Amino acid sequence: CVHPGGGFGTVYQNFAKALGNDYPVWAFQARGLEINETPHTSIAEMATDYIEAMRNIQSSGPYLLLGWSFGGNVAQEMTVQLETIGESVELLILLDTAVNFPENTDRLDSHQEKLQNELEKISQELDLEEKNISLEDEALLKKIIDKLIEQKIVPLNTDVAAFRRILNIYVNNLDLMLTHKTNNCTCPILLARAANEPAPLNAQVFEWGNYTDKEVIQENINSTHGNMWGVEPSQEIVNYFTNYFNNKNTFPR
């Protein structure tokens, strides 16, 4: 499992529990979350490093890869690189992962402005009624951390310094998305869409059929994009996943 934009693989705890012991789950953590680590400079570089780590656990395929949001783009790039070296991915699971991003003028903002913008979004999503939102407000950051820990999005030991690194990683990953070129893979894709989100203005952002030689199986999950990690959405995803393997002959291959 590849982490979403925030960098932590701990968001897949509910997914792992729903799968049970039949499918051990491994998840990646972004470089840069620990002290003195340098973030990756491209999705391709990130995918290469994650493949190396994965092959230390499982030396050869077929592999089962999953990614939520940004993590899906990394998992798809891992698939492309694995296939290039003769390895196979049996199924790529994308949790509300977009592709074909439009040109975005936000790339002209400074890194600090982007950090501030994302902090304001997080505060709003967590229903924190704060008037003056600042990265220097440690009391506010502690409130955010407590809520994220409660929702099992970040680890229990997350402190203010670690949260600032998380936010930095998130903004860095947004920038990496804007420069990433999505290449074609040759494995089937299970695309789990968040059904409780409004339809995108451009339907092409979820057209993964343009990037695989196999079929894309789309299933709608009763969830918002930000809650795909939750208990019930995770169980829905597991249900579709296990159904795929129990009924391979009924799915496009």
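Student: In this predicted model, which residue in E4 stands opposite Ala 194?

Tutor: Ala 194 stands opposite Ile 221 in E4. Strand E3 (residues 189-194) and E4 pair in the parallel sense over 6 bridges.

Student: Why are E1 and E4 called edge strands?

Tutor: The open sheet has 4 strands in the order E1-E2-E3-E4, with parallel pairing. E1 and strand E4 (216-221) each pair on one side only. Helix H7 (residues 231-246) packs on the sheet and touches E1, strand E2 (89-95), E3 and E4.

Student: How is the direction of H7 related to that of E4?

Tutor: The direction of H7 makes about 150° with that of E4. Angles over 145 degrees count as roughly antiparallel, so this term applies to H7 and E4.

Student: Why is H5 called roughly perpendicular to H6?

Tutor: Helix H5 (residues 138-150) and helix H6 (residues 160-179) pack at an angle of about 75°, with their axes 10 Å apart. The range for roughly perpendicular is 65 to 115 degrees, and therefore H5 is described in this way relative to H6.

Student: Which residues in H6 do the H5 residues meet?

Tutor: Residues in H5, including Leu 141 and Ile 145, meet Val 160, Phe 163 and Arg 164 in H6. The residues of this contact divide into 6 nonpolar, no polar and 3 charged.

Key
Residues numbered from 1 in each chain as written. Predicted model: local features only at pLDDT ≥ 70, side-chain atom pairs only at ≥ 80, totals over all residues. Heavy atoms only, no water. Axes fitted to C-alpha atoms, helices over the stretch in contact; angles between N-to-C directions. Helix = DSSP H or I, 4+ residues; strand = E, 2+ residues; numbered from the N terminus. Parallel < 35°, antiparallel > 145°, perpendicular 65-115°, else oblique. Contact = heavy atoms within 4.5 Å. Nonpolar A, V, L, I, M, F, W, Y, C, P; charged D, E, K, R; others polar. Pairing = 2+ DSSP bridges.
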